[in-house]
Amino acid sequence: MSSKPFGYVYDERMLGHECKYDSTMAECPKRMKLIYERLQKDKLLDGAVKIDAREANDSEIRLNHPQQLIDEIVSLNSTEKCEEYCKDKEILWTCENTNEAARVAIGGSIELVKAAMEGKIHNGFAMVRPPGHHSYGKVAQGYCIFNNVAIAAKYAIEKLEVKKVAIVDFDYHAGNGTYQSVKDESRIHLTSFHGHHFGAFWPFSRDYDYATNSQNTLFVPLNGTMNSEGDYVSVFHHVLLPMLEQFQPELILISAGFDSGYYDVMMEFGQGVKAHGYGHMARLLSQICPGKILAILEGGYHPYNYTESASMMVRGLLNLPLPRLDIPERISGALLETTWNILNHHSEWYPKLGERLKLLEHQQKELGLPQFAFDQTMFLGEKMRKMYDDMKKHRIVRTREWFPEMSDDQVAVCKQKIDEYIQEYEFTSEHPTPSESQLVAQCVWDEAARSDAFLQAIPFATALVQEFNAFVEGKRENMMICDRELYTEAVKSGVLEAHTPITTTRPE
Ligand SMILES: [Zn+2]
């Protein structure tokens with residue numbers, strides 16, 4: 001245990017950021033409040049030091065955003081203006097308090113970084129909102145105004161002379177804003193685990209597949225649903241940890257979204273990371289950069305999941321005993337395919353990954369199996385992207401009720417599923433590192449693995465395509481920011497060309 005205290009940021013000014021024209025918004029004040037109350041209840045903040053947040057100034061925000069975006073957010077001084085502003089944005093709501101809350105979120109994140117780099121704290125957690133990882137340049141989107149984590153990383157480099165910073169984003173959604181913010185900055189390394197589903201998942205872009213052109217970026221696109229905490233941690237061992245060992249960051253910022261948690265609001269279409277998985281991921285990162293691991297809150301929407309997950313993550317950051325983690329014998333289908341793809345793609349930049357790849361190839365040979373072959377990755381998002389871009393261009397973005405609220409039954413199912421695994425927790429301080437042979441054995445690529453990958457990925461990708469097609473064919477009222485009525489009007493008046501369904505028949 002460190003003699004230095006854990007640091008945290010919590011400031012009620014960020015609760016003032018609340019959508020005044022729609023009460024169904026998943027990103028809401030209680031997310032932050034419930035996490036804070038849970039950490040208090042679990043006594044995880046006893047002995048910790050509260051780092052005072054403050055409003056960031058314009059020059060700090062300009063580390064990552066142009067003055068134009070800053071001025072736009074400042075000008076939003078009525079509910080009407082706020083909703084009007086969001087009519088050409090992707091999944092964004094604002095209110096009159098947004099400017100203050102967003103500045104406090106950044107100021108809090110920066111102060112936490114300063115406290116860590118000045119050696120005042122050992123690890124920390126900024127409970128902040130609005131979240132930040134989808135925002136970049138002049139683009140506020142995805143509930144995010146300014147990019148808290150990117151600004152914090154750039155502040156460390158520009159103002160505190162930190163040589164290298166790594167960002168690890170395990171939110172279910174792509175750290176797309178963070179990527180756009182840091183892709184040309186070789187002093188920052190970004191890892192993002194995110195739903196991709198062959199591009200049929202927001203932000204519907206090829207940019208977030210594994211084959212990134214930036215050496216400083218590791219993407220783990222998730223094409224399958226319900227990958228477990230053991231799957232995530234396996235990818236840490238195979239790829240992320242060796243990469244970070246080579247990169248040698250002095251500071252690691254976690255974009256801590258808990259919406260990949262087991263039975264968060266997407267239920268069985270989401271990911272399956274049980275709460276203690278977040279603790280284990282935090283603990284492993286602590287080995288790379290002891291004391292300099294700072295989590296910054298992003299998403300997570302089912303209270304029972306995100307409070308449990310945040311509590312476990314903080315236990316990991318405090319190096320307290322965690323429930324035992326199961327490492328799977330084989331990485332789950334689609335993620336195994338992605339792991340092979342990542343190792344192939346990144347091995348020329350990272351010698352340790354090249355060594356790992358050789359071991360895997362040797363194993364294939366020993367088992368008499370053909371070598372893993374790169375395949376042209378399927379991409380389903382083209383028409384979806386075009387539709388979103390059209391909606392924005394014509395300022396006909398739907399600004400309300402993007403997602404149906406969970407029914408009482410669904411809430412109860414999620415709670416029950418989470419309770420089931422909590423009851424099986426066995427706390428221990430012993431967490432052996434999986435052996436090299438165990439890791440290599442996780443990656444056998446045979447006929448069964450190939451069909452598992454396909455079977456795990458297809459149902460959700462199909463559901464996403466069907467959702468789009470149903471909207472285009474007029475059988476659905478909305479598809480997130482796309483509104484049937486606004487769309488029909490625009491097509492009728494000729495400003496918008498009618499969209500066509502995605503067909504799945506193979507060309508001859
Ligand atoms: Zn998210």
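Guide: Here come your questions, each answered with a value and the rule behind it.

Guide: First, this is a predicted model, where local features need pLDDT of at least 70, side-chain atom pairs count only at pLDDT 80 or more, and totals for chains, interfaces and linings use all residues. Residues are numbered from 1 along each chain as its sequence is written.

Visitor: What makes β1 and β3 a pair?

Guide: Strands are DSSP runs of E with at least two residues, helices are runs of H or I with at least four, and both are numbered from the N terminus. Two strands pair if DSSP finds at least two bridges between them. Strand β1 (residues 7-9) and strand β3 (residues 124-126) have three bridges, in the parallel sense, so they pass that rule. Within this pair, valine 9 sits opposite alanine 126.

Visitor: Which order do the strands of the open sheet take?

Guide: There are eight, in the order β2-β1-β3-β8-β7-β4-β5-β6, with parallel pairing.

Visitor: Why are β2 and β6 said to stand at the edges?

Guide: Each has a single partner strand, so one side of β2 (49-50) and one side of β6 (217-222) lack a neighbour in the sheet.

Visitor: How do you know which strands β8 pairs with?

Guide: Count bridges again: three join β3 to β8, and five join strand β7 (residues 251-256) to β8. Both pairings run parallel. Leucine 294 of β8 is the bridge partner of glycine 124 and also of leucine 253.

Visitor: What makes β8 "mostly covered"?

Guide: A residue is buried if 20 or more other C-beta atoms, placed from the backbone, lie within 10 Å of its own, exposed if 12 or fewer, and partly exposed in between. In β8 (residues 293-297), five of its five residues are buried. That covers both faces, with Ile293, Ala295 and Leu297 on one side and Leu294 and Ile296 on the other.

Visitor: Why is glutamate 366 called exposed?

Guide: Glutamate 366, found in helix α12, has 8 C-beta neighbours inside 10 Å.

Visitor: Which residues touch the most other members of the largest nonpolar core?

Guide: A nonpolar core is a set of buried Ala, Val, Leu, Ile, Met, Phe, Trp, Tyr and Cys residues joined through C-beta atoms within 7 Å. The largest one has 152 residues, and Met127, Ala152, Ala153, Leu253, Ile254, Leu294 and Ile296 touch the most other members.

Visitor: What is leucine 294 in contact with?

Guide: Contact means that two residues' C-beta atoms, placed from the backbone, lie within 7 Å. Leaving aside neighbours within four places in sequence, the contacts of leucine 294 include Leu112, Val113, Ala116 and Ala126.

Visitor: What makes helix α9 mostly covered?

Guide: In α9 (residues 275-288), twelve of its 14 residues are buried. Among them are His276, Tyr278, Met281 and Leu285. The cover includes β4 (165-169), α8, β7, β8, α10 (303-317) and β9 (322-323).
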